[in-house]
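I am opening my notebook on this structure and will write down what I look up, one topic at a time.

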There are 2 protein chains.
Amino acid sequence: MASNRDKSISEQIDDIKKQLVAKGYKLTQQREVTVRVLLEHEKDHFSAEEVFLLVKEQFPEIGLATVYRTLELLSDLQVVEKINFGDGAARFDLRSTDGSHHHHHLICTECGTVEEIMEDGLLRLEQQIERQYGFAVTDHRLDFQGVCKECRAKQALNEQAAG
Amino acid sequence: MASNRDKSISEQIDDIKKQLVAKGYKLTQQREVTVRVLLEHEKDHFSAEEVFLLVKEQFPEIGLATVYRTLELLSDLQVVEKINFGDGAARFDLRSTDGSHHHHHLICTECGTVEEIMEDGLLRLEQQIERQYGFAVTDHRLDFQGVCKECRAKQALNEQAAG
DNA sequence: ATCCGTGCAAAGTGTTTGCAGCGTT
DNA sequence: AACGCTGCAAACACTTTGCACGGAT
């Protein structure tokens with residue numbers, strides 16, 4: 001069960017290039033830098049604007065539209081996942097090529113941080129859904145809202161001070 | 001374990017009115033019609049625009065902004081849940097008052113239909129997250145993407161015809 | 001008389017698109 | 001020469017906001 005995390009960034013870019021070329025697309029400078037930024041920030045969930053700003057540091061002439069187009073292209077190719085946390089802007093997440101990505105999110109309603117947690121066994125539930133509803137599950141998304149450790153600590157302190 | 005589904009629409013409106021009044025808000029005509037539309041279409045996931053059009057049938061003078069404001073208000077009061085399926089517009093879903101809402105979604109990537117399925121035991125997982133990450137879960141959201149029964153049937157037919 | 005809530009239109013935000021120019025084949 | 005890709009700006013779609021008016025307390 002080899003994961004992407006084992007590969008170097010340039011190896012991963014190579015992989016993605018192959019996917020692009022296989023479908024008749026080119027890995028232009030702009031696209032490469034965009035992919036690189038995503039690879040270098042695997043743990044974040046950047047908006048298009050955020051990706052744009054980082055790409056601009058390495059490639060100042062790039063336009064926002066190109067970043068949008070690249071992200072959409074990568075989305076279509078299932079290289080990145082487009083997620084919407086409901087904060088007004090779509091966010092983009094690298095997907096591992098082996099399809100085992102499926103991380104879940106802990107979204108803190110106090111400070112807004114989004115933490116990723118690893119996959120667990122939702123497989124049984126997916127199989128049940130397939131049996132029960134005839135629905136062939138290809139992907140899922142599980143987000144938890146709540147209050148993170150740090151904010152809980154702050155809250156506890158405040159209550160102490162107030163009480 | 002009494003659910004909202006047992007109550008008549010006017011009873012439910014009454015409940016919501018109480019919640020509004022308790023927080024210093026009024027249940028105006030506009031708000032009532034909006035709530036009524038949501039109650040009458042419990043199973044759908046309407047966008048603000050869709051709600052607006054339906055409300056307009058019963059209350060033609062209403063403005064789109066009022067519907068937005070009402071939906072936001074109801075969201076704040078946790079009467080409705082604002083969901084984003086990533087299709088560009090937020091969608092709104094009644095929440096049951098007993099807090100047992102938590103339905104999940106089956107989103108078909110072929111035809112786009114969204115089906116709701118009932119709650120199941122994610123409680124154990126939530127408890128594990130609390131232990132493991134110190135994250136106090138207050139809510140969650142679980143969406144499955146895949147192909148629904150109907151589209152699978154169509155696909156099967158097409159393959160038969162082609163093969 | 002006050003104040004919340006409303007309708008309308010304007011502004012705002014994130015995203016997409018039309019188009020002319022560029023680079024690579 | 002053809003064609004995909006890009007940058008720019010304009011267009012777009014959804015949502016929020018400013019403001020003056022209206023209705024209820």
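Predicted model: local features only at pLDDT ≥ 70, side-chain atom pairs only at ≥ 80, totals over all residues.

Next I asked which parts of the strand face the protein. Among the atoms of DNA strand C within 4 Å of the protein, 75% belong to sugar or phosphate, while the rest belong to bases.

For the bases, I noted A:Arg69, which has a side-chain N or O atom 3.4 Å from a base oxygen. The elements giving two or more residues to this surface are helix H4 (64-76) of chain A, and helix H2 (29-40) and helix H4 (64-76) of chain B.

Is phi of A:Gln78 positive or negative? I find a positive value of about 65 degrees, although the residue is not a glycine. I made a note of this because most residues other than glycine have a negative phi. A:Gln78 sits in the loop between H4 and strand S2 (80-84) of chain A. In chain B, phi of B:Gln78 is likewise positive, near 65 degrees, and B:Gln78 is in the loop between H4 and strand S2 (80-83) of that chain.

**The sheet.** In what order do the six strands of the open sheet run? I read S5(A)-S4(A)-S6(A)-S6(B)-S4(B)-S5(B), with mixed pairing. Strand S5 (114-117) of chain A and strand S5 (114-117) of chain B stand at the edges with a single partner strand each, so one side of each has no neighbour in the sheet. From one strand to the next, the twist averages 25 degrees.

I followed one pairing in detail: strands S4 (104-108) and S6 (136-147) of chain B are parallel and share four bridges, and B:Cys108 has B:Gly146 in S6(B) as its bridge partner.

Two helices that pack on the sheet complete my entry. Helix H5 (123-133) of chain A touches S6 of chain A as well as S4, S5 and S6 of chain B, and its direction makes about 125 degrees with that of S6(A). Helix H6 (149-162) of chain B touches S6 of chain A and S4 and S6 of chain B, at about 20 degrees to the direction of S6(B).

Conventions. Residues numbered from 1 in each chain as written. Chains lettered and ligands numbered in written order. Heavy atoms only, no water. Near = heavy atom within 4 Å. Polar contact = N/O pair within 3.5 Å; in protein donor to acceptor, adjacent residues only side chain to side chain. Pairing = 2+ DSSP bridges. Axes fitted to C-alpha atoms, helices over the stretch in contact; angles between N-to-C directions. Contact = heavy atoms within 4.5 Å.
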